Amino acid sequence: VSAAPYIWAIYKRKLKRPVLSTWGIWLAIGGILLLASIESGSRLNTTLLPVILGFINPLIIFILALRYGERTWSNLDTWCTAICVMTLILWKVQDDPVIGLFGGIVVDSVAAIPIIHKCWTDPKDEPWAPWFLFGVGSSINLLAVEAWEIKFVLYPLYMTIMSLIISVPVMYCHFKKTR
């Protein structure tokens, strides 16, 4: 649900052009995390649904970015892609889905650096609703963790922490401005 206002803003051109390479990398990461979660035993009735949406949302945004997006490639994109490939190789050589989960989280963290920087230095340009909903949804997902093992808690815990890092300055800026 958190992606819906973001997707609508792109479609209506109220949000600056999404960067195709970033969303492509986030789509690849979503795929890695989805496959690793399935392989590690996550189920639809616990923590798998948010991971599925973590693949579908970037897919939709990537498709929109193909039409409305900015086509750039940075050194950061190259590093993220290299880490993605290394994660897949290491995961399959070691035959351990936790490596896929951890690698996906590392790549996602690196790929999120530009948006984190933007949210902390110039949060007024980011829409608050998608980030707020992302934070709420990520926090609720922690309640779905059935067994507090690293393979089940790693992704929802990371998403909750990341959503707070991104949404706090955006929410603060928005509510400060509306008072």
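**From the cavity outward**

Mentor: Start with eight names: Ser37, Ser42, Thr47, Val51, Lys151, Phe152, Tyr155 and Pro156 line the largest cavity. This is a predicted model: local features need pLDDT of at least 70, side-chain atom pairs count only at pLDDT 80 or more, and totals for chains, interfaces and linings use all residues. Numbering starts from 1 along each chain as its sequence is written, and side-chain values use heavy atoms, with hydrogens and water left out.

What is a cavity? On a 1 Å grid over the protein atoms alone, it is a set of points where a 1.4 Å probe fits but cannot get out; lining residues have an atom within 4 Å of a point. Searching the whole structure gives one cavity of 30 Å³ or more. The space in the largest cavity is about 30 Å³; a volume is what probe spheres on the points fill, with points joined across faces, edges and corners.

Which elements build the lining of the largest cavity? Helices α3 (44–68) and α7 (150–178) each supply at least two residues. Helices are DSSP runs (H or I, at least four residues), numbered from the N terminus. The biggest contributor is α7, with four residues. Now sort that lining by class: four residues are nonpolar, three polar and one charged. Nonpolar covers Ala, Val, Leu, Ile, Met, Phe, Trp, Tyr, Cys and Pro; charged covers Asp, Glu, Lys and Arg; the others, Gly among them, are polar.

Next, look at the largest pocket. A pocket is an open set of points, with protein on both sides within 12 Å along at least five of seven lines. The volume of the largest pocket is about 840 Å³. Its lining counts 33 residues, and Ser2, Gly54, Asn57, Phe134 and Met159 lie nearest the centre.

Turn to charge pairing. Side chains of opposite charge can pair when their charged atoms come close. The structure has one salt bridge. Glu39 and Lys92 make it, with their closest N and O atoms 3.2 Å apart. The cut-off is a Lys or Arg side-chain nitrogen within 4 Å of an Asp or Glu carboxyl oxygen. This pair ties together distant parts of the chain: Glu39 belongs to α2 (residues 20–40) and Lys92 to α4 (residues 75–94), 53 residues apart. Glu39 has a relative accessible area of 38%, so it is partly exposed. The scale runs like this: buried is under 20%, exposed is over 50%, and partly exposed is in between (1.4 Å probe, protein chains only).

Stay with helix α4. Trp79 is found there. Is Trp79 buried or exposed? Trp79 is exposed, because its relative accessible area is 57%. From Trp79 to Pro97 you count 18 residues in sequence, and the C-alpha atoms are 21 Å apart.

Compare another tryptophan. Trp128 sits in helix α6. Its relative accessibility is 32%, so Trp128 counts as partly exposed.

Last stop: the loop between α4 and α5, where you will find Asp95. Asp95 is not a glycine, yet its phi is positive, about 55°. Asp95 has a relative accessible area of 58%, so it is exposed.
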